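Student: Please take one part of this model and go through it closely. I would like to know what it packs against and how the neighbouring parts are arranged.

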Amino acid sequence: MNADLIAQIAAYAIPAIVVAVLFYFTSEKILQRQSARDRFIIDKLSNADTQIDVKALKLQACERLIIFTERIDLKKLILRITPFSEDKNAYQLLLTQHIEQEFEYNIAQQIYVSGQLWDIITHTKNTIVNTIQQTAGKASVQDAHELRNLLLTESVLIQKSIDVALLAVKEEAKHTMN
């Protein structure tokens, strides 16, 4: 009986051992190939193909600053934002808040553009805000509609500031592309 028992155990054990050994070597090969593939992917990702393209970021910043400058252009701003009451101070605050929100939304763009361009952008924004505040402070302005009409007139006087900002952004973009 011992011989039969040993033969039975061997009949079950030998195929099991063979399967286990084959499984070990096969899985080892699969793991080696997977590791090699993972190393290849990691190497490829760390190469220049996927590094952030600084030129593209600078151009995107220029695009955002063009949009910002156009959105705070006083005549366009006044046409886009209408007073919701007759109170000139409320309208002044509404316009100023809109400009400040636009500015805060685009403030990170300064990382990608020159300091000189950023100074021009902030100067343009400040010029428009000051114009709104000074115009609203005039004694002749009684309500929001008069403020709006006077600001349209004032927008012609500060248009050069907008034009300078737009030109500066375009020049920076052109310089970035070259």
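Tutor: What follows is a look at helix H7 and then at the helix pair H5 and H6.

This is a predicted model, in which local features need pLDDT of at least 70 and side-chain atom pairs count only at pLDDT 80 or more, while totals for chains, interfaces and linings use all residues. Residues are numbered from 1 along each chain as its sequence is written, and side-chain values use heavy atoms, with hydrogens and water left out.

Helix H7 covers residues 159-177. Helices here are DSSP runs (H or I, at least four residues), numbered from the N terminus. At 1.5 Å a residue, the 19 residues of H7 should span 27 Å, and the end C-alpha atoms are 27 Å apart, which agrees. The expected span is 1.5 Å times one less than the number of residues.

Buried residues of H7 include Ile-162, Ala-165, Leu-166, Val-169, Glu-172, Ala-173 and Thr-176. Buried means under 20% relative accessible area, exposed over 50%, and partly exposed in between, with a 1.4 Å probe and protein chains only. An α-helix has 3.6 residues a turn, so residues three or four places apart point the same way. The buried residues of H7 pack against H2 (54-72), H3 (74-80), H5 and H6.

Val-169 lies in H7 and is buried, with a relative accessible area of 1%. Not counting residues up to four places away in sequence, Val-169 touches Cys-62, Leu-65, Ile-66, Leu-117 and Ile-121; contact means heavy atoms within 4.5 Å. Val-113 is 56 residues from Val-169 in sequence, and their C-alpha atoms are 8.8 Å apart.

Two of the helices that H7 packs against, H5 and H6, also pack on one another. H5 (residues 115-136) and H6 (residues 144-157) pack at an angle of about 135 degrees, with axes 10 Å apart. That angle makes H5 oblique to H6: under 35 degrees counts as roughly parallel, over 145 as roughly antiparallel, 65 to 115 as roughly perpendicular, and the rest as oblique. Axes are lines fitted to C-alpha atoms over the stretch in contact, and angles run from 0 to 180 degrees between N-to-C directions.

Thr-131, Ile-132, Thr-135 and Ala-136 of H5 meet Leu-147, Leu-150, Leu-151 and Glu-154 of H6. By class, that contact has five nonpolar, two polar and one charged residues.

Gln-92, in helix H4 (residues 88-105), counts as buried at 18% relative accessibility. Leaving aside neighbours within four places in sequence, Gln-92 is in contact with Ile-132, Gln-133, Ala-136 and Leu-147.

Terms used
Nonpolar A, V, L, I, M, F, W, Y, C, P; charged D, E, K, R; others polar.
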